[in-house]
Amino acid sequence: MSDKEEMASDGSLNVTLTLRLLMHGKEVGSIIGKKGETVKKMREESGARINISEGSSPERIVTITGPTEGIFRAFSMIAQKFEEDITAAMTNSNVTSKPPVTLRLVFPGSQCGSLIGKGGSKIKEIRETTGAQVQVAGDMLPDSTERAVTISGTPQAITQCVRHICSVMLESPPKGATIPYRPKILAAGAHAVLAPQHSAHAFAIPGQYAFAHQDGWIPLPPQVHKNWQFLMILLAA
């Protein structure tokens, strides 16, 4: 057994993994908290290492490393914090439909086929099992071999979805070298990856999800799309 594997208390194999998230500056600020208190608490209670990329880019990479159970706890805490932010933002709003929590993973492109499955079978299974919406971008993120994988739903659904994604990562390791996505400082007039300005051309798979084959982003179901627009307004406020 390698130094990255250990037996969990229930006898199952506990493997050390690394997952990367793509976040807006305000999302990062939320999980850092005042004087770093929130992220410190997340690190201590989850047992996972949570590192946030430096720089003045409007997008940041949040790297979560640890045993699988620690990763699940960290994702649960992050999703719960974002749900609290949404609830707080809705307090003085006339919006009655609560947007789902949305997280964006940065995933090696060579593993995306396994995540989607033949004819979309795997991603459909994950959606139906967890209740989360899952979208896989068709194009690589700029200057990288990674794609964005967007998951939306309740904190509980997101955590279950991450469990399935980790299982895929273990069953189908990345092929070849992965060139990681690194957000860049935007020039005047440029747009961030997380704020696409044009809708993607996509094809649908039964189950209310689709993934793009040209522009790299995925049209969401009408209700999720409406809530997503509202969430983007909240984040920009």
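Predicted model: local features only at pLDDT ≥ 70, side-chain atom pairs only at ≥ 80, totals over all residues.
Arg20 counts as buried, because its relative accessibility is 17% and the limit for a buried residue is under 20%. Arg20 belongs to strand β2, which spans residues 13–24. Leaving aside residues up to four places away in sequence, Arg20 touches Ile61, Val62, Thr63, Arg104, Leu105, Val106, Glu146, Pro180 and Tyr181. With Tyr181 there is also a polar approach: a polar atom of the Arg20 side chain lies 2.9 Å from the backbone oxygen of Tyr181.

Among the residues that Arg20 touches is Val62, and Val62 of β4 stands opposite Ile52. Strand β3 (residues 49–52) and β4 run antiparallel and are joined by 4 bridges. The hairpin that they form has 6 residues between the strands, and in this hairpin Gly55 takes a positive phi near 120°.

Strand β4 covers residues 59–67 and includes Ile64. The strand is mostly covered, with 8 of its 9 residues buried. Ile64 is itself buried, since its relative accessible area is 0%. Its surroundings bring together residues from elsewhere in the sequence: beyond four places along the chain, Ile64 touches Leu17, Thr18, Leu19, Leu21, Ala48, Arg49, Ile50, Ile71, Ala74, Phe75 and Ile78. As for Thr18, 46 residues separate it from Ile64 in sequence, while their C-alpha atoms are 5.6 Å apart in space.

Two packed helices are described by the angle between their axes and the distance between the axes. Helix α1 (residues 25–32) packs against helix α3 (residues 68–90) at an angle of about 110°, and the axes are 10 Å apart. The two helices are therefore roughly perpendicular, as angles of 65 to 115 degrees are classed in this way. On the α1 side the contact is made by Glu27, Ser30 and Ile31, and on the α3 side by Ile78, Lys81, Phe82 and Asp85. Sorted by class, this contact comprises 3 nonpolar, 1 polar and 3 charged residues.

Strand β6 pairs with strand β7 (residues 146–153) in the antiparallel sense over 4 bridges. Within this pair, Val134 has Ile151 of β7 as its bridge partner.

Terms used
Residues numbered from 1 in each chain as written. Heavy atoms only, no water. Axes fitted to C-alpha atoms, helices over the stretch in contact; angles between N-to-C directions. Parallel < 35°, antiparallel > 145°, perpendicular 65-115°, else oblique. Contact = heavy atoms within 4.5 Å. Nonpolar A, V, L, I, M, F, W, Y, C, P; charged D, E, K, R; others polar. Buried < 20%, exposed > 50% of the residue type's maximum accessible area, 1.4 Å probe, protein only. Pairing = 2+ DSSP bridges. Polar contact = N/O pair within 3.5 Å; in protein donor to acceptor, adjacent residues only side chain to side chain.
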